[in-house]
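Me: I would like to learn how to read a few local features of a structure, one at a time. Could we begin with how the elements are named?

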Amino acid sequence: MIEGKQASFTFQVQTTLEVQVSQNVLSAFLYPSITTRPQLALLTAVLLVAQLAPVLGQEQQRTGNIVEYFGKEKAAEISEGELLHVFREGKLLGRPRSFGGSGGTSTPVDDVFAKFLFGQSTGVDSDRPIDVDYRGRPIEWEEIAVGDKSTFEDRQLRSGVLYLTYESDSEQTVLLDASGPTRLLIDGLPHEGDHYDFGYFLIPLQLQAGKHEFVMQGGRFGRMRARLIKPSATVRFTTRDMTLPDIRHEDREKLMGAIRVINAEPTELQSAKIRCSHGDVASETRVGRVAPMLVRKVPFEIPAVEVSDGDKSVEFEVQLLGSTGEVLASETIELNVRSKHKHHKRTFLSDIDGSVQYYSVAPATDADLENPALFLSVHGASVEATNQANAYAQKDWGHLIAPTNRRPFGFAWEDWGRLDALEVLADAEKIYQTDSSRTYLTGHSMGGHGTWYLGATYPHRFAAIAPCAGYPDLLGYRGGFMSRFNQIPEEMRRRFGITEQMINRMKVMSESKSVFDEIVNRGGNPSRTLKLIENYTQLGVYVLHGENDTVVPTALARDMRRRLGEFHSDFVYYEYPNGSHWYGNHSVDWEPIFEFFQDRSIKPTNELEEFTFATASPGVSAKSHFLTIVQQEVPLEISSVDFSRGEEAIEITTENVRVLSIDQESIGLTEEQKVKVDDQLIEAPDDLPVWHLVRSEDQWAQMDAAPSAKEKGPHRNGGFKDAFRNQFVLVYGTQGTESENQWYLNRARFDAEKFWYRGNGNVEMIADTSFSAGDYANRNVILYGNSDNNSAWEKLLKDCPIQVSNGEITFGEQRLTGSNWGTYFIYPRPDSDVASVGVVTATGEEGMKAAYANHYLVNATCFPDVMIFDETLLTRGIRGLKCAGFFGNSWDVDSGNFVWR
């Protein structure tokens, strides 16, 4: 409807929504992208969710297109053993979250789980209310029973807690099959849930004779299922959630797949192998250690086999072999056969965690195409990458590549979703030998956000981007709830029972800020797309949005049109007439987008006249063309460089940059041109291919070499979440008391479960006594425990300024005593120039339980280098923090930026 290509055009921008009294419009106001937001569980802390659940559910119905549902059926059949028990009765606590305090996406309040963790009165066996809500109404447990499908169903399960018990008449090993909960406490120990209702989750449990408690936190759906399985073997496969490639009949090559191994034994599974065979052809793959009572998804090699274009599929036998070659388990799998010239999917090994990931391809129609273009298309929430690619017709001038984001929901293309997109891009570029100057980015819904985000974060990688039905800034999108809420007309508020008390409570929660909010939120700046908005000047931008989109409101696209119109000279804005959120394959495969792409390419670096580049973290995005922001002055605040080329001088203006590198070989300097940085003339030897400049007291000085790899830089910059990459291994302490050892073992298992579920991960998890620096050289380590109970501490953290032991934390000159302190922090691994150590530790039992939550494995949550907290973190949120902040560029305390309470 509205097009524009020049910033000088004048647009009449509609900045307010026209409100209609309808359920869809209210849903659009409060949660404008339920199907595009993978972290709905985080937002259920908002007090209105439970009351508005029937309204919010309107956008959840399956409608048959690629946007609305998972793209796969829920796993329901049991093949791992015999059904032992179905939970049919329980107790439900409706709307319990956040009534005791305020929290955020990084430190959310969880009052009920805190009561169970700390052994406080939960009221579950009493007729008395557990507490009162902010309006003085009692919050109490109610009886609940399953329906015809052996499933608990109640709208309050979206934000409520389900309490179940099981009386075991003997000691036994079982598998808990639970779908629907966000997370669980099983006999007081935390576990990941199955909140997207995939039906994937199996949790091995060793039950003693007697009563066992299962506490399940609701989230996305108003339903939960729970049952116990008696496994046919304590070590075996499960075929739930395999990752498999397509066989391409033109190629005869080995491929990679992944299958999950159940270890329901109290000891580690070691020295196992997977044998994959088809007839006489076979491959064997070593299986890494599988920790006790863990289900781990492991890679295996698929041997090359001969197939013809008439074959539809090929069967393989997959065997799990023990240390002496005995067959522990066996399954038959089936791989589809495709042509490499038609839509198909490929797999690869990820450098993040050694897992097998896939991506889908719509290859160019011209098999002999030289220097083809590459179109990276990122999918929406709940969409499989195969369905994303299938929505596109093949192009005659390039290959369309659809990465997975590691899951249909994944990480909203941030954090590990961002890394997945980069890994897929690199793999596809290598395979298809694409023209790097003709790489383009597009996506729909959550993928529209991914397009805005990846385009702003890596502007030099793409010639043009095309966000479709997307929202630009995820944190702003979440945080915009209150402003949208305030726009709801009084008539609509009355209709849906929204009271003045609810509005006032929301205001208190959204406006209560502290210095801790500032420094913690700074850890989320890499997700703040709009803070990097001027990076779009390096790209052509085509914005496509449905005129009547109520899932991602059209007002968000119009706002971006207004913002771009203020500074951008190369963008198009188009509203599809009467278009909803998804109006057919042309919601993504829109021919004018590809025409727009075809007219644009990335200029050679020596022809660039000007550009702007900004980043929030050199560890996320440091380089644009020939300029690299190596270090910042203020960590994770926005840093920027503005480049312009004149006849007499090249001028660079910086903001919040301490170390800047200039690639002299690609910048394209003439003999007559000088280089000025912040109006300072830079003299540098001609024979240096890269200049390294350091800023001190407002002056730039030439460095002899790049900063030491021991310092912060693009290779290792923090915050805490940065530890979960680089083939990271989880190392849990075994040198403490029985309860300490049990907690840290399970705490590591909780992270392994979460990263598998959210990120299709393959996480190695070992005891401290099995850790050898040489065996895990240059790999990141996540350490669970302290210097008294984890023997790896001395090897990895002996010289760290943060020391934690039973009863004490010391941090620089600060000292905290007691058993109630917990901390998360990241620090360089001393024997590596690239690896980091992430630490989840505590001074005692209360501190361990305070460190229960693992929201650092959720996208767009905010974590600085260090967070120290007490046992009130679960009930007071960010107010339970004692210290938060960032180390200096030398990973020191003195030049760091820390806030103490």
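Reply: Helices (H or I, at least four residues) and strands (E, at least two) are DSSP runs, numbered from the N terminus. This is a predicted model, in which local features need pLDDT of at least 70, side-chain atom pairs count only at pLDDT 80 or more, and totals for chains, interfaces and linings use all residues. Residues are numbered from 1 along each chain as its sequence is written, and side-chain values use heavy atoms, with hydrogens and water left out.

Me: Where is Asp-366 found?

Reply: Asp-366 sits in the loop that links strand 23 (356–362) with strand 24 (373–378).

Me: Is Asp-366 buried, partly exposed or exposed?

Reply: Buried means under 20% relative accessible area, exposed over 50%, and partly exposed in between (1.4 Å probe, protein chains only). Asp-366 has 34% relative accessibility and therefore counts as partly exposed.

Me: What should I know about backbone angles?

Reply: Most residues other than glycine have a negative phi, and most peptide bonds are trans. Here Ser-271, which is not a glycine, has a positive phi of about 60 degrees, and its place is the loop between strand 16 (255–263) and strand 17 (273–278). Asp-679 likewise has a positive phi, near 65 degrees, and with 70% relative accessibility it counts as exposed. Gly-718 and Gly-719 are joined by a cis peptide bond, with omega about -5 degrees.
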